[in-house]
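User: I have a structure to study and would like to go through it step by step. Please begin with what is meant by accessible surface.

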Amino acid sequence: MTAPHCIDGDSPDLYLEVTNRSKIWEQSQQIITPGGQWRAYLNGLALCALRSWLSKADYLAQPWPNSAALASFWSVVNGCVLDLGGSTRLVLIPDEAMDQAELRVPQEWVDIPSWAGDYYLALHVNLEEGTVCFWGFTSHARLKHHGQYDAAQRSYGLMAEDLFDSLLLGVSLLGVLTESLRAPLPELPALGVEQAHNLLNRLGSSSTVTFPRLAVPFVMWGALLEHAGWRQNLYERRQGLSEHSVLAWLREGIGQWGWTYLTTTALQGRTLDADNSPVMLSKLLQIAGQPYELRVQQQDIRVWRFQLQSTLVGGLIPRGFVLRLLTEDRQPFVNNETMAITAIEYLVLDVEVDVGEGLVWETEPIAEGYDPEILYFD
């Protein structure tokens, strides 16, 4: 990894410029709360700066789990993740404070197992100069074992003198630093559907609950956020949006969250379903580097069809691919998946859904940037 120009002479800190601040500011305004907007702006600047720097060192750094999901994180907590090709995860913690005495990391990024990273980067955002200063970093294990836990703010703090210099990050990414990166973490207790809905009802109003992350015990809060569908549901509620309701989308004639509503006119020139009936909802996916389409279509009053197919002309579903449906709390049920035994044109699952029931879809191999979502059929 090559180091960028250090503006500050002998300082080991890295100063990274951000050029598209106006666009990042505009994107941050999609969150309705002032705190969420500001977190989105600071994190957006940090993401832009670090991705640009890493790309110059030939690292392909992608936001985790995907760019579209980031607002649901920033609406409630500071920080974000850059994934370096699935091998290393960098947790970015931006701050406006000039006092670079301590790195303070929200507990979510340390104690939620699926959120934890390998390295945690301390970043100072200078809004006047349009720069992001990378002034130190640490590992998850060091932060967990040596950081000072603040129960009131639910965060871990590590003093500046206990951080690695930013210029050593390239060395550590090459595996030269030998200390253990991640501390072992216990799994968070699973939430039942009723318990999760009670939490969502309690925390879902941004006008009455300003800091939802501090309003309930962490084990409950962490378990709620770790379920991506419920995290997204919480965001939608706090935004005043409707849930992932398939029937509502069809009634309104629109799609959200990457879903497209397809009318009969829109289907002209496109392949129809296996039974030659029109498609209702469609989502484009990338799986194993190839383009696919997931379609959801109503077959009967309570029966819905999930269908996966290639978008390439003459394209087939490869042998071994799986289309799977899970309950809202991500549990399997009878006949919930189908596998391609040989290369075939479609993978199809028909399922009867009760009123108010939610389903989670997934594929194997996992779709690129996949973030589990709950589709409600109310």
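Analyst: Accessible areas come from the Shrake-Rupley method with a 1.4 Å probe. The structure shown is a predicted model.

User: What is the accessible surface of the chain, and what share of it belongs to carbon and sulfur atoms?

Analyst: The probe defined above is applied to the chain. The accessible surface comes to about 17,200 Å². The share that belongs to carbon and sulfur atoms is 52%.

User: How many helices and strands does the chain have, and what percentage of its residues count as buried?

Analyst: The chain has ten helices and 18 strands. A residue counts as buried under 20% relative accessible area.

User: Among contacts between residues at least 6 apart in sequence, what percentage join residues at least 24 apart?

Analyst: Contact means heavy atoms within 4.5 Å. Among the contacts in the chain between residues at least 6 apart, those that join residues at least 24 apart make up 63%.

User: Which strands are at the edges of the open sheet of three strands?

Analyst: The order in this sheet is β5-β9-β8, with antiparallel pairing. An edge strand pairs on one side only, and this holds for β5 (102-106) and β8 (148-150). Neighbouring strands of the sheet are turned by 25 degrees against each other on average, direction ignored. The edge strands are therefore β5 and β8.

User: Which residue of β9 stands opposite Q148?

Analyst: β8 pairs with β9 (residues 155-159) in the antiparallel sense, over three bridges. In β9, the residue opposite Q148 is G157.

User: How are α8 and α9 placed against each other: roughly parallel or roughly perpendicular?

Analyst: Helix α8 (residues 218-226) packs with helix α9 (residues 228-239) at an angle of about 100 degrees, and their axes are 5 Å apart. Angles of 65 to 115 degrees count as roughly perpendicular. So α8 against α9 is roughly perpendicular.

User: Which residues make that contact, and how many are nonpolar, polar and charged?

Analyst: From α8 come W221, L224, L225 and E226. From α9 come A228, W230, R231 and L234. By class, the contact of α8 with α9 has two charged residues, no polar ones, and nonpolar residues numbering six.

User: Is S75 buried or exposed?

Analyst: S75 lies in the loop between α3 (70-74) and β3 (80-84). Leaving aside neighbours within four places in sequence, S75 is in contact with I31, G36, R39 and Y235. Its relative accessibility is 9%. The cut-off is under 20%, so S75 counts as buried.

Methods: Residues numbered from 1 in each chain as written. Predicted model: local features only at pLDDT ≥ 70, side-chain atom pairs only at ≥ 80, totals over all residues. Heavy atoms only, no water. Pairing = 2+ DSSP bridges. Helix = DSSP H or I, 4+ residues; strand = E, 2+ residues; numbered from the N terminus. Axes fitted to C-alpha atoms, helices over the stretch in contact; angles between N-to-C directions. Parallel < 35°, antiparallel > 145°, perpendicular 65-115°, else oblique. Nonpolar A, V, L, I, M, F, W, Y, C, P; charged D, E, K, R; others polar. Buried < 20%, exposed > 50% of the residue type's maximum accessible area, 1.4 Å probe, protein only.
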